[in-house]
Number of protein chains: 2
Amino acid sequence: MLVASAGTAQAEDGYDLWLRYRPLATNDAAALQRDAQSVERRDDTPTLRVAVDEVRRGLAGLSGRASADGTSAHPVVLATGADRDVAALRLPLATLGDEGYLVRSTTFGGRRVTLVTANTDRGVLYGSFAMLRYLQTGGSLASIDLTSTPRVKLRVLNHWDNLDGVVERGYAGQSLWDWWTLPDFRDPRYTDYARANASIGINGTVLNNVNAKAESLTPRYIAKAAALADVFRPYGIKVYLSARFSAPIELGGLKTADPLDPQVAAWWKAKADEIYRAIPDFGGFLVKANSEGQPGPRDYHRSHADGANMLAAAVAPHGGIVMWRAFVYADTDPEDRAKQAYTEFKPLDGKFADNVIVQVKNGAIDFQPREPFHPLFGAMPKTPLMIEFQITKEYLGFATHLAYLGPLFAETLASETMQKPGETVANVVDGVAEGHTLTGMAGVANIGRDRDWAGSTFNQANWYAFGRMAWDPTLAAAPVAREWAAMTFAPTPAIVDPVVGMMMGSREAVVDYMTPLGLAHLMATGHHYGPGPWVADLKRSEWNPVYYHRADKTGIGFDRTKTGSDAVAQYAPALARRLADPATTPERELLWFHHLPWDRRLASGRTVWAEMVHDYDAGVDYVSTMRRQWALLQFSIDAERWTKTATYLAVQEREARWWRDASVAYWMSVNHLPLPPGVAPPAHDLAWYKALKVPYAPGNPQ
Amino acid sequence: MLVASAGTAQAEDGYDLWLRYRPLATNDAAALQRDAQSVERRDDTPTLRVAVDEVRRGLAGLSGRASADGTSAHPVVLATGADRDVAALRLPLATLGDEGYLVRSTTFGGRRVTLVTANTDRGVLYGSFAMLRYLQTGGSLASIDLTSTPRVKLRVLNHWDNLDGVVERGYAGQSLWDWWTLPDFRDPRYTDYARANASIGINGTVLNNVNAKAESLTPRYIAKAAALADVFRPYGIKVYLSARFSAPIELGGLKTADPLDPQVAAWWKAKADEIYRAIPDFGGFLVKANSEGQPGPRDYHRSHADGANMLAAAVAPHGGIVMWRAFVYADTDPEDRAKQAYTEFKPLDGKFADNVIVQVKNGAIDFQPREPFHPLFGAMPKTPLMIEFQITKEYLGFATHLAYLGPLFAETLASETMQKPGETVANVVDGVAEGHTLTGMAGVANIGRDRDWAGSTFNQANWYAFGRMAWDPTLAAAPVAREWAAMTFAPTPAIVDPVVGMMMGSREAVVDYMTPLGLAHLMATGHHYGPGPWVADLKRSEWNPVYYHRADKTGIGFDRTKTGSDAVAQYAPALARRLADPATTPERELLWFHHLPWDRRLASGRTVWAEMVHDYDAGVDYVSTMRRQWALLQFSIDAERWTKTATYLAVQEREARWWRDASVAYWMSVNHLPLPPGVAPPAHDLAWYKALKVPYAPGNPQ
């Protein structure tokens, strides 16, 4: 037995993500050796070079044999449409745009080849990854014919990474960016990050937290960002920076950051010029303004459009853009927190510069396990809106709970705005609804320096799904999960079926054991880990869970109809009418929109109270079932990843029960109702749950 | 070409440390296959099991072939002296104690075997690692005959790891301990940490920062520590905790932490009992008391002995110990900071309980690039003293500067106390001087979650050297460096010679470009990165570099003779006399002990000023030379480790010049002297250097 590499731990530690390229079954590997004897590149650009490297790496791994150097009878050929031989094939490249690709088995220069082509080298890179994905998920090259074009232009990760290495709401270790050793040291991991992103079509990354420090715009940090941009560039990934709106004061010594002050505009223009000298393809700025204490144009009685347009003018000469967040959260108590963004931004429709895109969270509060889609989607037809999802699970159990977010993404994207017939959030996001060409999807990254990048194997699926669904927001969650599971574990139904089975209901399970029936924001204070529905003593009303659930002896839920905050009126009239009536409101969003008596009957025949208890138990049961399903996979999955997941599922089961018991105990203290027959009482009394503390929860910078 | 593992990056990323076990040269590998056909274990304990696993892993890697299962004609046999066949050999095991080992090629049960034996399974484990080290550094099994017994009992790492994951003075990423997922998840990395430590004889680890939080003594955190103890136990490593002296107040609700209060003593006794229920072999407490704001017995007008003995009584029934730090740093300005520990502790000699050991830093200030040995060594004959080194390079350029600390450790340990004829610091530390059996050496760990553990490949050498020299404080730095280089790169002179050449002068180079001629504490404030000799505005006098260098127009240096603080009187009379006179003071410590005129002539014929400039230039030149030497190794060392080191050497060269230029510019502003002829002026003026800021320096918790 040869063990030349016995000294090296060959552990499956998750580092390889879905790009594992482990050997295919014998017959498939032999076919691949026959069909892909070499990899040829018909031009020389940095992007084509990394594409060829990736295809070589992938084919060697999958086929078990390194491809030959030089030419061969049956090569894989990477070439753009500018290549004379490709042009001669008269392929339908015109519709591919500058990022789409075509992969086809064809005859080329007299040889049977697998051609990976596109209008640009970036398209060829995406085609290369698509071909590898096809092979990793059971496809063969013999009759390959793939074509795809992204439906969304900006597919961007938002890293909430602080300059001291702490990742806000990060549960996978420190920031991937080692600012201290940049720009000198370019960790090979930066390249692997770019490979992973390119493999799922992500083409932009915002390096620093939206709660930004001005220092990130100093020459010292621009040089560091430029080093990362150099690493990412061949992979088609642009670098963006979060900009602190008050930087002209903090760095420029100005007295004001008023966006209409010419000195301020000049400062930003000079700063943009400076950045573009270091990063010629710099993407632009992301801005969180006048929200949660961040400075912004409202400090000077200017509008968000005034602020965004001033920054947009600074980057426009360089082709840059501004992503301006609609997540506003004023310093004073709002009428209804869910209404703030719409109230402030709707009147600004049509007032933003061409290179501004407004970034709107998927829901109107803040990345809850479930939220109705944000009412701004469809309500600002003259303004490009990009959607912001949170990939990191701030409110869904951090890294240790298994919750596949594909269904959350898909549910929001498939939501009908009812502003126009058939219009969905996806149509708004991909620009089809109003013909916008500046389109985008942002995901708050769940990536850190942990060896497995995302804190757990299954969290990798959320990064993966975000990228795939940003490329095509009409993709369903299940096929994306199947791809991921096949690539991450093995492309056999015996593994993929149960894994996808676990994944598909996992987010709903979290909803069930944390926030059933449309409840929201019941988490403990600050870190948002564990239950805190009883919290009522925080300074501002909307910081308290009781603000959101409004439970009392008679009922529960937030009345957002006319008798309450009338937030439903922010939706299209037809939808608003539907949501105004509990009977026509989806039960999954019921208590988001309505305050209802505990004893109101639901479709199941159960009362609201009994339905809540039922959901809590269903959530806990689902996790128990996942544990059993995972246990059956013990000998199908490598020990290291299996064990870590098994451990985390045990944590999740314990904590799902904690959520269920603490919540039930609290509601009973409010409604004084008995438990439905046959239901287990909480393991402890309410005081016990209230006394629990989780010190040093990660992701919660002080 | 078979590339079964092509999908896995087989990168040399430093994770394997010195336990790489890469294949030996063909002939050596063949010999090893012949001489070690199987690995047999003559008893079944967790420690013997991990020892066998390690030997199998090592032999498979080194020989290129997995050893056979079952028995063979020429096995490696792991057995304690209790084994009947081993006993029959009548080996000289008596002197090995409970940690020493013997590895010998011998005839055993009729077969030619390599026997790894000891009185205990821990000894067998150490012998196993010694055998592997011997093979990794060019030895062969044919006539192996190794025997060694540690000269120091407690060989302990001190992790200054906070519960939020920040490592104080850590430059290798977050804390290795993921407190959030403990005790559930036992990261395989914890096991590799234990393997690495056991391989160099480290047998204890203090998990949390000496600036301790009381929470680390709560049930929640005791359970987490217990999980780590379970992982470490088979490797002979005991877990210790830093104890916050005021915990009885913070956790116990007591009104006082007075060590003579019976309630306080009872609280600690109960706490110790609780810990020992979770960790039966818990090592004991490390305490930093009344230093830099930490609480302690002096708060109650009790002595350090009172505090230590009270804690010692709590752990004594369980066989635990207390490591009580002598690093005291009062809240009020001292006469001379260097004198504080001696002043406070010397009178307590003989007053500590039997299971207390006083932990004394190598020098009297704080881990400077060079300090004279601490005057307490040799001055407290009735008290066991352990020495504390800082492996992490707080004051020596963080992770990016190459500074091999073996010479620093060796220089201190070899220092003659002159309390008795021939007595060295090593004799005090290993207990020979006064016949103490409780002996110890502590190293402040440089380990974090970075892939290469220590922030750079060469930093791994400092971890390695600490362990080896704690096992035997009389080891010289060069042979330890040779071992490390052979194991870390390859056992060929073409690599080992230049690598060891670089290492051996590297710490002196840091001394030269930072703090020549015995200067100290000239670093920038807080984070201690980069030069700050001009800093004079901090609240307390001894926080300022000017306090330490005392430079003015006429001279430079801290007068610690009778005309100054008389700190020299803390040394043995013969040594004090020598240090009282600049002419008999080692030049390397000259300005530590003396304030001298800038124009005083030194042995070289140069003035103090010219010598300082000469040293600065020598330091920079040494780094330039290291860069050139490393460049020559480009094709002898794997790309990933070579590139990172090359990058860091470039950083170091730039920053060595920064140190040199900034320091020279500052001294010239004080002494108004011209530069010696032919010397290059600083690249910028002093104001430029003073204006430099390094925000977000790692390892400096706010």
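Tutor: In chain A, 28 residues of domain 2 are in contact with 27 residues of domain 3, contact meaning heavy atoms within 4.5 Å. This is a predicted model, in which local features need pLDDT of at least 70 and side-chain atom pairs count only at pLDDT 80 or more, while totals for chains, interfaces and linings use all residues. Residues are numbered from 1 along each chain as its sequence is written, chains are lettered from A and ligands numbered from 1 in the order in which they are written, and side-chain values use heavy atoms, with hydrogens and water left out.

Student: Where do the domains of chain A run?
Tutor: Domain 1 covers 6-148, domain 2 covers 154-488, and domain 3 is made of 512-558 + 595-690, with bounds that come from an automatic or database domain assignment.

Student: And how much area do domain 2 and domain 3 of chain A bury between them?
Tutor: They bury about 2300 Å², 51% of it on carbon and sulfur atoms, where buried area is the accessible area (1.4 Å probe) that two parts lose on being put together, summed over both. On the side of domain 2 of chain A, the residues that lose the most area to domain 3 are A:Tyr395, A:Thr400 and A:His401, together 24% of what that side buries.

Student: How many salt bridges are there between those two domains of chain A?
Tutor: The count between domain 2 and domain 3 of chain A is one, a salt bridge being a side-chain nitrogen of Lys or Arg within 4 Å of a carboxyl oxygen of Asp or Glu. A:Lys644 and A:Asp452 meet through their side chains in a salt bridge, at 3.0 Å from N to O.

Student: Switching to the chains, how many residues of chain A are in contact with chain B?
Tutor: There are 52 residues of chain A in contact with 52 residues of chain B, and the area buried between the two chains is about 4200 Å², of which carbon and sulfur atoms give 58%. In chain A, the residues losing the most area to chain B are A:Trp180, A:Phe185 and A:Tyr696, together 19% of what that side buries.

Student: What about salt bridges there?
Tutor: Between chain A and chain B the count is four, and B:Asp184 forms a salt bridge with A:Arg654, whose closest N and O atoms are 2.9 Å apart.
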